[in-house]
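Please consult the sequence and the model shown below while reading.

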Amino acid sequence: MGKKRKDIPHKVRIFDSVSGLADSAAETISNEVIKAIADNRSCYIALSGGNTPRVVYERLAEEPYATKTGWENVHLFWGDERCVPPGHPDSNFKMVSDALLGRISIPGENVHRIMGENRPDKEADRYIGEIENAFGVAKGHIPRFDLVLLGLGNDGHTASLFPGSPSLDEKEKICTTSVHPESGRKRVTLTLVLINAAARVLFLVTGKEKSGIVQEILNRENGYLSYPAAKVKPVDGSLEWFLDRNAAGDKELEKNKE
Ligand code: 6PG
């Protein structure tokens, strides 16, 4: 058995409005790209599905971010995808495409979508290869994303890592399949192996219905570790939660704040 990892501190940022959160998250993401460009390298970002991330993508498509971000140096990936074709209303690719891609100048070859129309297990393996190629790493090497954006589901899931799913126990593969517990539909998802190797992970969460879970996870209460989102602990990176006041709830979220 591996050594028990110490809990890492997380930063919590609470915003009065969804719009304030979107501004700050867009600024953070844009600055991460600008920093990579200053270091003469590409910026690798994994995107999330979900309503809150969508608002952030819409903000990134506006000025000043559309122009100042230097999108041609960005490689975009998806944290998870529903197994549907890219034009389907449930497709996370379509969501990002509508909110952002159609409105910025990014080379097509830098947009690395999960092909939801393919057979899920084959696609998970294909996507591993696509990630390794884009990062220029050897097969089996775990790449380090500059930024991983995540949402939080009402059941504590993140990406398509659902409570109790075997995908949570994956120790080697950076991408795998999972099943959405309510619809029974297949998903393709990045695993904790890859997410926890990232340099920086941002959770983007809004809405009152998330406040109970947010509090349990951030204050490490009750059986918080049964929530997949609580298992996101970058080994050598930072973890930040961007919350609106509704998602933050009424109780103190002091513990483990940096
Ligand atoms: C997905 C996601 C998922 C999402 C959360 C939050 O495709 O379902 O990537 O992890 O981010 O379910 O979604 P909402 O913000 O819509 O509640």
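## Cysteines and aromatic contacts

The structure holds zero disulfides. Cys 43 takes part in no such bond, and the nearest cysteine sulfur, that of Cys 175, is 20 Å away. Cys 43 is buried, at 0% relative accessibility. For Cys 175, the closest cysteine sulfur belongs to Cys 83, at 10.0 Å, which is too far for a bond; a disulfide would require the two sulfur atoms to lie within 2.5 Å. Cys 175 is likewise buried, with a relative accessible area of 0%. The model is a predicted one, and the values in this report are to be read accordingly.

The aromatic rings come next. The structure holds nine aromatic pairs. One of them joins Tyr 44 and Phe 77, whose rings are stacked, with 6.5 Å from centre to centre and 25° between the planes. The stacked label applies because planes under 30 degrees apart are counted in that class. Tyr 44 belongs to strand β2 (residues 43-47) and Phe 77 to strand β3 (residues 74-78), so this contact ties together parts of the chain that are 33 residues apart in sequence.

A further pair is formed by Phe 135 and Phe 145, with an edge-to-face arrangement: the ring centres are 5.0 Å apart and the planes stand at 75°. Here the class follows because an angle over 60 degrees counts as edge-to-face. Phe 135 is in helix α5 (residues 120-135), whereas Phe 145 is in the loop between α5 and β6 (147-150); the pair links distant parts of the chain, ten residues apart.

| Residue | Relative accessible area | Class |
|---|---|---|
| Tyr 44 | 13% | buried |
| Phe 77 | 0% | buried |
| Phe 135 | 17% | buried |
| Phe 145 | 1% | buried |

Each of these entries is classed as buried because its value falls under 20% relative accessible area.

Which residues make up the aromatic cluster? Tyr 44, Phe 77, Tyr 127, Phe 135 and Phe 145 form one cluster. The stacked pair of Tyr 44 and Phe 77 and the edge-to-face pair of Phe 135 and Phe 145 therefore belong to one group of rings, together with Tyr 127.

Another ring contact involves a charged side chain. Arg 113 lies over the face of Phe 93, at 5.5 Å from the ring centre.

Definitions and conventions:
Residues numbered from 1 in each chain as written. Predicted model: local features only at pLDDT ≥ 70, side-chain atom pairs only at ≥ 80, totals over all residues. Heavy atoms only, no water. Phe/Tyr/Trp six-rings, centres within 6.5 Å; stacked < 30°, edge-to-face > 60°. Helix = DSSP H or I, 4+ residues; strand = E, 2+ residues; numbered from the N terminus. Buried < 20%, exposed > 50% of the residue type's maximum accessible area, 1.4 Å probe, protein only. Lys NZ or Arg CZ within 6 Å of the ring centre and 35° of its normal.
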